[in-house]
Amino acid sequence: MIGKIKRFLLGMVCASMCLGAVACSGAETTGKDPMGGGNTNPPATEPVKIEEPFDINNEAHINWYGRTYVEAIRSGGGGRGGGGGSSTEGHFFNHTASGFEVTFKGTSLSASFYATNPTSEWNVILTVFVDGEQEPRNGTTLSLDEARKNVDLASGLENGLHTVKVLKRSEAQNSANALLSLTTDGDFYTPPEKPVRKLEFYGDSLTAGVGITATEATGDGSSLEEDGLATYAGIAARFFNAQYNVFAGGGRALYLSQYHSRSIYDMYRQVDFDVNNTDPWDFSSYIPDAVVINLGTNDSNYVYNLCKTEAEKEAFYTEYKKVYEKFVTELHQLYPNAHIVAVYNMAAGEGSYLHKGFEEFINDLAESKDLPLTVLKFAAMQDNPGDIRLDHPGPKTHEICGDLLVEHLKEVLGW
């Protein structure tokens with residue numbers, strides 16, 4: 001299952017940038033750091049009252065997670081960045097598992113949000129975590145069903161220090177959302193130090209968590225029936241107490257998809273999906289210890305539905321492998337110390353044309369290009385037919401795959 005493993009001294013850049021960083025409030029310390037020098041997260045520093053005006057864009061005041069950006073929002077019918085009306089500034093966090101974390105001393109915290117597609121079945125869904133809670137099922141679900149919505153994130157708490165974390169559980173390509181303001185009945189304090197360990201994920205609907213909270217085996221679903229925080233990616237990140245960035249969208253391919261014209265490879269260098277913000281992403285702002293690629297299911301669907309002859313299939317596979325090679329090579333150039341894991345098999349199953357010889361292809365690529373690259377075979381949803389949700393893997397399959405990824409990362413990173 002695990003391909004040839006090359007061991008690297010990982011986390012050098014991350015460690016130098018984040019010396020002394022600690023876990024989110026209430027999280028447990030997990031094992032040794034990648035360099036073997038001690039605990040991953042040393043004891044947290046005491047929060048300090050913020051005396052200056054609180055600023056949602058100042059990371060000394062608030063923690064931001066994922067690929068986020070600040071942009072003007074037009075009122076009067078102009079929409080995001082459009083013409084007409086006056087403008088206000090919002091901090092956008094559109095990607096799965098992106099969001100913010102804030103500490104305050106008081107009894108309540110409220111927020112004002114902006115969201116697109118508020119009346120759609122694919123509107124913005126957030127999860128609110130209070131005082132160190134991390135499990136998605138224990139968070140509070142928040143549906144942004146108005147273009148501008150004021151909500152209580154926490155209320156009726158004992159008067160004292162509290163930390164609230166808000167993460168997006170629905171996927172980026174269906175909606176955009178921004179934080180406009182935060183208000184407390186007390187005072188804002190400096191946020192917890194972010195975890196030292198960092199992971200990054202590139203994927204499709206599997207990584208976005210489509211169907212994971214549904215009860216039906218088939219159907220079209222909605223954003224309420226997906227939870228990108230409950231996927232294998234979230235499971236692994238929480239086990240290691242790691243930050244994690246997700247760049248994923250349903251129907252997206254690595255090379256070609258019959259559902260979307262632009263692939264993950266086409267878009268991965270930008271801050272957001274093409275329906276939102278195509279500005280370039282600053283890769284130096286987040287340097288992961290490991291990158292996980294879970295792509296190929298929609299490429300496989302393309303082959304199955306549109307390639308009619310063996311010659312067409314073979315030509316597709318040749319191009320697919322070329323793009324895969326370019327992708328991992330470019331990721332290695334961006335993150336020289338990061339280990340790259342190519343996972344497969346979660347939805348396409350054993351019969352997938354693209355899975356034939358995939359492990360050999362990845363292992364040969366790692367050897368020939370001298371890349372910190374390994375391959376990991378995930379459990380297939382077909383192995384647990386009772387767990388299939390909206391034609392996607394359900395929570396049981398994600399849990400199995402999350403555990404597999406945990407063991408693999410332990411081995412290749414020494415965590």
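Visitor: So what pLDDT does the chain average?
Guide: The average is 88, with 86% of the residues at 70 or above; pLDDT is the predictor's confidence in each residue, from 0 to 100. This is a predicted model, so local features need pLDDT of at least 70 and side-chain atom pairs 80 or more, while totals for chains, interfaces and linings use all residues. Numbering runs from 1 along each chain as its sequence is written, and side-chain values use heavy atoms, without hydrogens and water.

Visitor: Where is the pLDDT below 50?
Guide: Over residues 1-43. That stretch still has 113 contacts in the model beyond near neighbours in sequence, a contact being heavy atoms within 4.5 Å.

Visitor: Switching to helices: at what angle do H6 and H7 pack?
Guide: About 45°, with the axes of H6 (residues 310-334) and H7 (residues 358-369) 11 Å apart.

Visitor: And which residues make that contact?
Guide: H6 brings Tyr 317, Tyr 320, Lys 321, Tyr 324, Glu 325 and Val 328. From H7 come Phe 358, Phe 361, Ile 362, Leu 365 and Lys 369.

Visitor: Okay, salt bridges. How many are there?
Guide: The count is 10, taking a side-chain nitrogen of Lys or Arg within 4 Å of a carboxyl oxygen of Asp or Glu.

Visitor: Where do Glu 135 and Arg 238 sit?
Guide: Glu 135 is in the loop between strands S7 (124-130) and S8 (140-144), and Arg 238 is in helix H3 (residues 232-239). The two are 103 residues apart, so this pair links distant parts of the chain.

Terms used:
Axes fitted to C-alpha atoms, helices over the stretch in contact; angles between N-to-C directions. Helix = DSSP H or I, 4+ residues; strand = E, 2+ residues; numbered from the N terminus.
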